[in-house]
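Please consult the sequence and the structure shown here.

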Amino acid sequence: MNDIPINLRINGAAVAARVAPDLTLADFLRGDQALKGTHVGCEEGVCGSCTVLVNGETLRSCLTLAAQMDGGDVTTVEGFDDPAGARLRKAFAENFAAQCGFCTGGMMAVAREFLADDTIANHRDEAAIRSRLDAVVCRCTGYQAIVAAVRASVPE
Ligand code: FES
Ligand code: FES
């Protein structure tokens, strides 16, 4: 029974919904909102493929209830259409950083948070990028192309 009202923003748009108390944010995004770029792998907070941005910070949507998002501002990979997001998407494409694409939404969310982090002295530093991308498991790429894409998305 969908008995909890929530009002939030998703990718810049106001959304009002009623959700079941046990509905995860991941299932809300993929099911109710048809945002399929957020993938669900392990469902226990390990793989990171379900990672989205909530109020600018990464969050595992498989471990979060949709009902907790009342008043929140959620950004999924589909919403990465601002200049920094567009650069990242272009860099992923040009560097072949997505193969099966299962991890890509989560990987890009982590990259977005990294690129917006003012405490990072050099966003092109490979060790810094690798340390942050540790949060998401990729079974395909060997990570090198993803690291290259994040570096390439940083303006000279
Ligand atoms: S599906 Fe959420 S961390 Fe794996
Ligand atoms: S591209 Fe397939 S899991 Fe990362």
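The structure holds 0 disulfides, a disulfide being a pair of cysteine sulfur atoms within 2.5 Å. Cys 62 counts as buried because its relative accessibility is 12%, and Cys 138 counts as buried because its value is 10%. Buried means under 20% relative accessible area, with a 1.4 Å probe and protein chains only.

The model has an open sheet of 5 strands in the order 2-1-5-3-4, with mixed pairing. Strand 2 (13-19) and strand 4 (57-60) are the edge strands, each pairing on one side only. On average, neighbouring strands of this sheet are turned by 40° against each other, direction ignored. Strand 1 (residues 4-10) pairs with strand 2 in the antiparallel sense over 7 bridges, and Ile 6 stands opposite Ala 17 in strand 2. Two strands pair if DSSP finds at least two bridges between them. Strands (E, at least two residues) and helices (H or I, at least four) are DSSP runs, numbered from the N terminus.

Two helices pack on the sheet, as tabulated here.

| Helix | Strands touched | Angle |
|---|---|---|
| Helix 1 (residues 25-32) | strand 1, strand 2, strand 3 (51-54), strand 4, strand 5 (73-75) | about 75° with strand 1 |
| Helix 3 (residues 104-115) | strand 3, strand 4 | about 40° with strand 3 |

Contact means heavy atoms within 4.5 Å. Axes are lines fitted to C-alpha atoms, for helices over the stretch in contact, and angles run from 0 to 180 degrees between N-to-C directions.

Residues are numbered from 1 along each chain as its sequence is written, and chains are lettered from A and ligands numbered from 1 in the order in which they are written. In this predicted model, local features need pLDDT of at least 70, side-chain atom pairs count only at pLDDT 80 or more, and totals for chains, interfaces and linings use all residues, while side-chain values use heavy atoms, leaving out hydrogens and water.

Technical notes: Buried means under 20% relative accessible area, exposed over 50%, partly exposed in between (1.4 Å probe, protein chains only).
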